[in-house]
Amino acid sequence: MSLRIGHGLDAHRLTPGRPLMLGGVLIPSDHGLAGHSDGDAAAHALADACLGAAGLGTMGDHFPSADERWRGVSGREFLTLVAAKLAAAGARVLSAQVVLVCARPRLGPFFAAMGEAMSEALAAPPGTVVVGATSGDGLGAAGRGEGIVASAVALLEVA
Ligand code: MG
């Protein structure tokens, strides 16, 4: 058994009139994340962190956005697909953290639900995935509320 760490980063633009899906949770907002799928930057960053830790490449390798098969697939579903790839590779997620840069809306009330939804999607015990956020203090595109950036780290045990 060896321990492996992975890092994932994702960003999606906020646009009016779309549902805001983050960490597999629907968050009340008049803006949602644009994207080929549901734009769930938290789930995408976490998926990349897990794939990277397991040495399995990136989301783009497995689910290229040019492939219509992946259009509309939710971030939660991507995590479920990643969990199957991890299991096949003999890898298990021990812990993970997702940090969001998000000026709006306030995400604090949803951290726990996002963590639980993503833990469950990864077939990992409750509490495996922890979520936090910073407002970005008005700096950069995410800090100005033009989009949401997600950074994730994951620690895996690999056979
Ligand atoms: Mg993405």
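**Exercise 1. At what angle do helix H1 (residues 41-53) and helix H3 (residues 75-88) pack, and how far apart are their axes?**

Keep in mind that this is a predicted model.

Step 1: Take the geometry. The two helices pack at about 10°, and their axes lie 9 Å apart.

Step 2: Classify the angle. Anything under 35 degrees counts as roughly parallel, so H1 and H3 are roughly parallel to each other.

Step 3: List who makes the contact. H1 brings in Ala43, His44, Leu46, Ala47, Cys50 and Leu51, while H3 supplies Gly75, Arg76, Phe78, Leu79, Val82, Lys85 and Leu86.

Step 4: Sort the contact residues by class. The H1 contact with H3 has nine nonpolar, two polar and two charged residues.

**Exercise 2. Work out the overall build of the protein chain: what is its secondary structure, and what radius of gyration does it have?**

Step 1: Count the elements. There are five helices and seven strands in the protein chain.

Step 2: Along the sequence you get β-β-β-β-α-α-α-β-α-β-α-β.

Step 3: Check the radius of gyration. A compact globule of 159 residues would come in near 15 Å, and the protein chain has 15 Å, so the two agree.

Step 4: Along the principal axes, the C-alpha atoms fill roughly 45 × 30 × 25 Å.

Step 5: Look at burial and surface. Of the 159 residues, 46% count as buried. The accessible surface is about 7,300 Å², and carbon and sulfur atoms account for 58% of that.

Step 6: Look at contact range. Take the contacts between residues at least 6 apart in sequence: 69% of them join residues at least 24 apart.

**Exercise 3. Which residues of helix H4 (residues 111-121) are buried, and what do they pack against?**

Step 1: Pick out the buried set. In H4 these are Met114, Gly115, Ala117, Met118, Ser119 and Ala121.

Step 2: Find their partners. The buried residues of H4 pack against strands E2 (20-22), E3 (25-27), E5 (91-101) and E6 (129-134), and also against H1 and H3. That's the H1 and H3 pair from Exercise 1, which packs at about 10°.

Step 3: See what comes after the helix. Alanine 123 follows H4, and its phi is positive, near 55°.

**Exercise 4. Serine 37: buried or exposed? And which residues does it contact?**

Step 1: Serine 37 is in the loop between strand E4 (31-33) and H1.

Step 2: Apply the cut-off. Buried means under 20% relative accessible area; serine 37 has 10% relative accessibility, so it counts as buried.

Step 3: List the neighbours. Skipping residues within four places in sequence, serine 37 contacts Arg18, His44, Trp70, Gly72, Val73 and Phe78. His44 and Phe78 also turn up in the contact between H1 and H3.

**Exercise 5. Where are alanine 103 and glycine 138, and what does each touch?**

Step 1: Locate both. Alanine 103 is in the loop between E5 and H4, and glycine 138 is in the loop between E6 and helix H5 (140-143).

Step 2: Judge accessibility. Alanine 103, at 35%, counts as partly exposed, and glycine 138, at 43%, counts as partly exposed too.

Step 3: Compare the contact lists, leaving out residues up to four places away in sequence. Alanine 103 touches Ser135, Ala142, Gly143, Arg144 and Gly145. Glycine 138 touches Gly143 and Arg144.

Step 4: Alanine 103 and glycine 136 are 33 residues apart along the chain, with 6.3 Å between their C-alpha atoms. Glycine 138 and glycine 32 are 106 residues apart in sequence and 19 Å apart in space, C-alpha to C-alpha.

Definitions and conventions. Residues numbered from 1 in each chain as written. Predicted model: local features only at pLDDT ≥ 70, side-chain atom pairs only at ≥ 80, totals over all residues. Heavy atoms only, no water. Axes fitted to C-alpha atoms, helices over the stretch in contact; angles between N-to-C directions. Helix = DSSP H or I, 4+ residues; strand = E, 2+ residues; numbered from the N terminus. Parallel < 35°, antiparallel > 145°, perpendicular 65-115°, else oblique. Contact = heavy atoms within 4.5 Å. Nonpolar A, V, L, I, M, F, W, Y, C, P; charged D, E, K, R; others polar. Rg over C-alpha atoms; globule rule 2.2 N^0.38 Å. Buried < 20%, exposed > 50% of the residue type's maximum accessible area, 1.4 Å probe, protein only. Areas by Shrake-Rupley, 256 points an atom, 1.4 Å probe, with all protein chains shown as cover.
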